[in-house]
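Please read these notes alongside the coordinates.

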Amino acid sequence: MDVLKNKDIACSRKHARVTRCSMVVVIGKMASNVEAPESWYLALLGFAEHFRTSSPPKIRLCVHCLQAVFQFKPPQRVEARTHLQLGSVLYHHTKNSELARSHLEKAWFISQQIPQFEDVKFEAASLLSELYCQQNLVDSAKPLLRKAIQISQQTPYWHCRLLFQLAQLHTLEKDLVSACDLLGVGAEYARVVGSEYTRYCNLDLLLMERKLGEVHPLLTLCGTIVENWQGNPIQKESLRVFFLVLQVTHYLDAGQVKSVKPCLKQLQQCIQTISTLHDDEILPSNPADLFHWLPKEHMCVLVYLVTVMHSMQAGYLEKAQKYTDKALMQLEKLKMLDSSPILSTFQVILLEHIIMCRLVTGHKATALQEISQVCQLCQQSPRLFTNHAAQLHTLLGLYCISVNCMDNAEAQFTAALRLTTHQELWAFIVTNLASVYIREGNRHQELYSLLERINPDHNFPVSSHCLRAAAFYIRGLLSFFQGRYNEAKRFLRETLKMSNAEDLNRLTACSLVLLGHIFYVLGNHRESNNMVVPAMQLASKIPDMSVQLWSSALLKDLNKALGNTIDAHEAAQMHQNFSQQLLQDHIAACSLPEHNLISVRIHPRTAQRPAWPACYEHQARNTRAAFLLASKMSRMEP
């Protein structure tokens, strides 16, 4: 069978070579018999497009057709366009980034010498800068974009697009001042050329640099402007989605899970409306209006993503799982036809959220395998890896806590703190690291140092309602372990007040069960029962396996103390069932080869690839720069 298979492969390759040779001969005759060069050029383009769109695509043959163009010594316009086409095909469909870069650099160089050749010139600049960013050559991308912006002022579409691209690059580098300066230039340019749609896109992005307290009036103003704008229906709905995504993510960053619900509902209704509209119904007459911030299909995935973020923070973990499954299924379909790097970014962020959900619901083994999947995805792009290295360490730290590997958890959280500059993520990591020190019981100096930095009563470092409530819970947990029960109750009641105000169900359940434990220790069994029963009900609804285990243990002891023998027996049986499930999952997770990831350290950002174990090594692929709005990892309460 192997011999026959090898013969088939050899025959197939021979047939491909014969096909290519015949094709070149035919086109060569065509070129010699026809005076105009367009005939052979169009023939080669036709062959190339046929091979590119074949199922499956025959990229090698497509590249051969395009390379054959150069054999006929084409004019400069054809030469530059062919270099661009080759660079684009190699960039999007192969791993040969160096050859792609060479063709794109030639396209950019030649096209600058040709008058009225804007589309090729600026598309080459845009693609080449993306490729530079993927190769971590940001210092090469910036001057290229600046020059392209400088010479594109008479081409509104490309001028706006290149301004956005450079602003995005500055945003990825956390240089929000430069990004906002560029967006301001873009907004003014859009006003001058009469493109209100693109102007509003710029204005909405300007919100990103504002502090949370300053954003509310701006959101109100932008919302009114968007609703009152009379324009192309598709553009208006697209703009509404853009604005509502910014509004929803703003509320989620602020930890305001309940306050965001009306905006999220509007966003979900808006995406349903836009999915029924046809893109070609009305074409804008202004070239500057041709800019689209995101394709319609990508918007659908993004709406699923922010819904998952909300469900996770609110503690609706089954709903988060449902929408994650829908989003991942949609992503798989899109990635078969589209190599856009934003799809990989969406996939990574979805996985980050569902991993945290699985750790809560008692599916550690599945979470660990998905952490490994995130590692592999991030290794395919230096930019993706750089943006998510801290989140990866954080996820590994959370997994380590779930399997009681506290030394590894500390190491992972410490590594994450070194890699992040994001204040909310920093506060989330510090809160979880503090819980590790509390559980270890002998790290008092380090613990008090951390608690001073996340003091919810005084100068809390971030504006997140959710993280501040979590900081009160950590204080209550420490006071409980130190036997200062009145102080613990004060902190936990503050947590309950804040979590109830914004429907933070996990924090509510954790606070109730801990308060119930305190009342049990103090001998107030009735009050303890009043806390533990709703904690158990809420934990079952989430579902949170650890809180259910804790609550069932307390209910067993409470009912025994109150003389409720039947209830005590039922609680004991529940506790046994939860213990068995968690133990089996613990053993399964620790038996996986991916468990070795808990010892992995990601080097500082100077390294392009992390030193993962050999079984996770994958050759890096070329992808485009990550979408700036979706690059954040949402924080949930610990």
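1. A salt bridge here is a side-chain nitrogen of Lys or Arg within 4 Å of a carboxyl oxygen of Asp or Glu. The model is predicted, with local features needing pLDDT of at least 70, side-chain atom pairs counting only at pLDDT 80 or more, and totals for chains, interfaces and linings using all residues. Residues are numbered from 1 along each chain as its sequence is written, and side-chain values use heavy atoms, with hydrogens and water left out.

2. The whole structure has 14 salt bridges. One of them pairs Asp503 with Lys261, with 3.1 Å between the closest N and O atoms. This pair links distant parts of the chain, 242 residues apart: Asp503 is in the loop between α23 (485-501) and α24 (505-521), and Lys261 is in helix α13 (residues 261-275). Helices are DSSP runs (H or I, at least four residues), numbered from the N terminus.

3. Accessibility classes are buried (under 20% relative accessible area), exposed (over 50%) and partly exposed (in between), with a 1.4 Å probe and protein chains only. Asp503 is buried at 19%, while Lys261 is partly exposed at 33%.

4. Arg358 and Glu370 form a salt bridge, their closest N and O atoms 2.7 Å apart. Arg358 lies in helix α16 (residues 341-361) and Glu370 in helix α17 (residues 364-379), so the bridge ties together parts 12 residues apart in sequence. Arg358 is buried at 15%, and Glu370 is buried at 10%.

5. His103 belongs to helix α5 (residues 97-111) and is buried, with 8% relative accessible area. Beyond neighbours within four places in sequence, His103 has contacts (heavy atoms within 4.5 Å) that include Phe70 and His83.

Methods:
Helices (H or I, at least four residues) and strands (E, at least two) are DSSP runs, numbered from the N terminus.
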